[in-house]
Amino acid sequence: MSSLKPLTGHERPGDPCVIVIFGASGDLTKRKLLPALYNLKELNLLPEHIAVVGCAVTEGTDESFREQLTRDIKEFATRPVDLAQWEEFCKRCYYTSGDFNSADTFTRLSEKIDAVRKAWEIPGGNVLFYLAITPTLFGKVVDQLGAANLTREPQGAWRRVIIEKPFGRDLDSARELNAQITKSLREDQIYRIDHYLGKETVQNIMVFRFGNSIFEPTWNRRYIEYVQITVAEELGVELRGGYYDHSGVLRDMVQNHMLSVLSLIAMEAPSSITGESVRNEKVKVLEAIRPMTPEDVIANTVRGQYGGGMIDGKEVVSYRDEPNVNPKSNTETFVSMKLKVENWRWADVPFYLRSGKRLAQRATQVVIGFRRTPLRLFGEDLQRETVKPNRLVLHIQPEEGITFDIHAKQPGPKIQVVGVPLDFNYKDFGEQNAATGYETLLYDCMIGESSLFHRYDSVDTSWQICNPILDVWGALPARDFPNYESGTWGPEASDRLVAQEGHQWHYYKPPTPHAIST
């Protein structure tokens with residue numbers, strides 16, 4: 001039997017390179033990117049010849065930047081910080097500041113990159129640019145990189161750009177942005193990041209599906225009745241009201257994260273799990289989702305906005321009372337919808353998506369609902385409320401694991417069928433140092449592995465799915481906002497949406513860790 005190269009084998013450290021982080025003084029850098037780079041250092045996956053250059057508008061020096069990084073890593077590291085390891089990494093960190101609209105900033109950045117390469121004897125000209133900045137600056141920064149010849153690849157070297165979400169606000173703006181950045185970059189130089197794809201359980205979807213022969217034969221419309229994907233948050237918009245009020249949950253969660261997970265669940269087996277094969281199959285899934293008509297949007301989507309309520313015993317305010325939010329805002333903080341993947345494997349199987357803020361629990365999970373057995377031999381009809389059909393639950397956060405609900409006989413003289421969960425929890429492997437979700441993505445970019453990043457055609461197709469919904473919602477402002485209380489599971493209309501086909505939302509229950517004997 002032939003073997004395929006692992007998706008992220010981590011066989012070797014990343015390629016020697018300079019990592020340039022635009023927005024180095026921001027939250028994403030200190031909370032996610034810095035801890036992820038340190039974790040890669042601890043795992044011996046950073047190259048020996050590497051340096052980091054932070055670039056931001058805030059004034060600063062190399063020394064002040066290192067001091068700030070040291071304070072930040074103590075607060076946000078996901079593992080104990082080894083002082084010697086940190087000092088070795090920190091002395092390779094540099095800083096330059098300036099206006100991203102000024103060509104002079106990029107001239108000085110180019111000079112800084114050259115100086116850092118010489119200082120640390122970094123061979124070739126590999127540079128990874130990370131745009132941890134406001135989306136309105138993505139195109140401008142790439143234009144400036146191109147004008148400064150920083151996107152031009154020296155012979156035998158690479159230049160790559162990681163772009164954070166959101167990639168556009170709608171279909172037209174996404175196409176405009178892509179046209180702008182491809183003036184300076186080839187598609188294979190662009191790495192559109194989705195940190196959800198760096199989570200262990202999300203990566204495990206492919207292994208679970210294609211590495212276990214017992215599941216793939218049943219992974220189709222004949223055996224699966226529905227699929228649910230939930231991303232629920234207890235938090236409100238916090239201090240992001242200014243951004244969120246111009247975004248909403250459909251743009252913030254569905255267009256990127258949730259459709260990415262859906263495509264992994266529904267995709268056909270790729271010919272390889274590296275390079276373009278995975279991305280080709282994911283795009284095919286999105287292309288099979290028919291964009292909704294206005295009538296479909298009204299019938300198959302639910303939007304909501306949270307009012308006041310109680311979270312963990314504390315009273316919280318409504319969305320419209322949050323800082324920097326329009327007191328008459330029509331921005332949705334909750335969405336649920338029913339999508340159909342119109343291909344041979346999934347015809348007539350509803351895919352339910354649900355995401356919202358200020359919900360009852362924090363939970364991200366995928367539920368695969370299997371069809372009931374054709375003949376109920378054990379009186380299950382009397383227990384329809386207590387004995388559910390077999391379900392497979394992929395827990396993504398806060399606990400990562402897998403639960404498979406089966407049926408078994410309860411001990412005793414009578415035949416009484418009960419549901420029994422078979423659980424796997426990542427904690428079963430023992431205590432794991434928490435990751436940020438960015439480690440694998442940064443490493444993959446350093447070795448040129450693009451499977452976990454969005455190609456533009458997938459971005460375009462996902463906007464084609466979401467754009468009709470945005471258009472209808474923009475034309476018909478919600479009249480009942482706020483329409484769900486904080487601390488609940490969203491509007492009642494969301495329950496009615498899944499009840500139309502006899503289904504119910506699955507509510508979060510974390511998998512139980514077990515002791516593994518060796």
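## Surroundings of helix α6

The buried residues of α6 pack against α5 (138-147), β5 (159-163), β6 (190-192) and α13 (456-475); contact means heavy atoms within 4.5 Å. Helices (H or I, at least four residues) and strands (E, at least two) are DSSP runs, numbered from the N terminus. The model is predicted: local features need pLDDT of at least 70 and side-chain atom pairs pLDDT 80 or more, whereas totals for chains, interfaces and linings use all residues. Residues are numbered from 1 along each chain as its sequence is written, and side-chain values use heavy atoms, with hydrogens and water left out.

Helix α6 spans residues 171-181, and its buried residues are Leu171, Ala174, Leu177, Asn178 and Ile181. Buried means under 20% relative accessible area, exposed over 50%, and partly exposed in between (1.4 Å probe, protein chains only). Viewed down the axis of α6, the buried residues fall within an arc of 130°, so they line one face of the helix; the arc is that of the directions from the helix axis to the C-beta atoms. An α-helix has 3.6 residues a turn, so residues three or four places apart point the same way. Asp172 and Glu176, on the other side of α6, are exposed.

At the start of α6, a side-chain oxygen of Asp170 comes to within 3.4 Å of the backbone nitrogen of Asp172.

## Packing of α9 and α10

Helix α9 (residues 249-266) packs with helix α10 (residues 276-287) at an angle of about 105°, and their axes are 9 Å apart. Axes are lines fitted to C-alpha atoms, for helices over the stretch in contact, and angles run from 0 to 180 degrees between N-to-C directions. The two helices, α9 and α10, are therefore roughly perpendicular to each other, a term that covers angles of 65 to 115 degrees.

On α9, the contact is made by Leu259, Ser260, Leu262, Ser263, Leu264 and Ala266; on α10, by Lys282, Val285 and Leu286. By class, this contact has six nonpolar, two polar and one charged residues. Ala, Val, Leu, Ile, Met, Phe, Trp, Tyr, Cys and Pro count as nonpolar, Asp, Glu, Lys and Arg as charged, and the others, Gly among them, as polar.

## Backbone features in loops

Most residues other than glycine have a negative phi, and most peptide bonds are trans. The peptide bond from Lys165 to Pro166 is cis, with omega near -5°, and Pro166 is in the loop between β5 and α6. The bond from Gln397 to Pro398 is cis, with omega near 5°.

Asn44, not a glycine, has a positive phi of about 60° and counts as exposed at 57% relative accessibility. Arg358 has a positive phi of about 55° and counts as buried at 9% relative accessibility.

Technical notes:
Parallel < 35°, antiparallel > 145°, perpendicular 65-115°, else oblique. Polar contact = N/O pair within 3.5 Å; in protein donor to acceptor, adjacent residues only side chain to side chain.
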